[in-house]
Amino acid sequence: MANLVGNRGENELSKIGFTTRMVSMGHQACGALELWNYPVWLMDIVTQNVDGTDRADRVNLASLEIYRDRERNVPRYNEFRRSLFLIPITKWDNLTDNKEVIATLNEVYGDDVEQLDLLVGLLAEKKIKGLHFLRRHLSFFLSWPQ
């Protein structure tokens with residue numbers, strides 16, 4: 001996948017062809033939508049300038065997603081839950097039973113559950129069979145520019 005990004009990617013994708021790409025996307029399973037399952041290669045992307053030369057700064061797409069959500073005023077996790085008439089969490093134990101996740105959330109957000117970013121919360125929460133995909137797409141539409 002890393003070879004399909006940027007200028008190199010344009011060459012590779014044109015060799016593969018549009019039809020093959022579309023068929024492949026329709027038949028390949030995506031990764032599980034959960035914490036610590038972000039593709040490593042998406043956290044160190046080499047970007048290009050308009051003239052096609054590589055830029056010195058690299059992009060961590062995982063961090064950029066959260067940054068853009070904050071920049072666009074996407075609601076935080078509890079605010080999102082309230083907008084769906086769901087009970088907001090009051091402590092990390094309401095979100096997950098995973099002790100490693102709770103420890104990391106404490107490290108990043110402290111005790112302030114109201115600061116939990118929507119994407120992080122959706123990926124960390126206890127999974128309800130069949131609904132996680134729907135919630136992820138709802139958060140995408142909330143972040144869509146108005």
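Predicted model: local features only at pLDDT ≥ 70, side-chain atom pairs only at ≥ 80, totals over all residues.
**Helix α3**

- Helices are DSSP runs of H or I with at least four residues, strands are runs of E with at least two, and both are numbered from the N terminus.
- Asn73 follows α3. The phi of Asn73 is positive, near 60°.

**The aromatic pair**

- The structure holds 1 aromatic pair. Trp92 and Tyr109 form this pair, with 6.0 Å centre to centre and 45° between the planes.
- The pair is tilted. Rings of Phe, Tyr and Trp (its six-membered ring) pair if their centres lie within 6.5 Å; planes under 30 degrees apart are stacked, over 60 edge-to-face, and the rest tilted.
- Trp92 sits in helix α5 (residues 92-95) and Tyr109 in helix α6 (residues 99-109), so the pair ties together parts 17 residues apart in sequence.
- Trp92 is buried, at 5% relative accessible area. Tyr109 is buried too, at 14%. Buried means under 20% relative accessible area, exposed over 50%, and partly exposed in between (1.4 Å probe, protein chains only).

**The surface patch**

- Phe18, Met22 and Met25 make a nonpolar surface patch of about 350 Å². Nonpolar side chains are joined within 5 Å.
- Phe18 belongs to helix α2 (residues 18-27). Phe18 is exposed, with a relative accessible area of 54%.
- An α-helix has 3.6 residues a turn, so residues three or four places apart point the same way.

**The hairpin**

- Strand β1 (residues 45-48) pairs with strand β2 (residues 54-59) in the antiparallel sense, over 3 bridges. Two strands pair if DSSP finds at least two bridges between them.
- Ile45 stands opposite Val59 in β2.
- The hairpin has 5 residues between its strands. Gly52 lies in this loop and takes a positive phi near 95°.
- Gly52 is partly exposed, at 28% relative accessibility.
- Gly52 and Gly6 are 46 residues apart along the chain. Their C-alpha atoms are separated by 8.7 Å.

Conventions:
Residues numbered from 1 in each chain as written. Heavy atoms only, no water. Patch = residues over 30% accessible without salt bridge, like charges linked within 9 Å, V, L, I, M, F, W, Y side chains within 5 Å. Areas by Shrake-Rupley, 256 points an atom, 1.4 Å probe, with all protein chains shown as cover. Salt bridge = Lys/Arg side-chain N within 4 Å of Asp/Glu carboxyl O.
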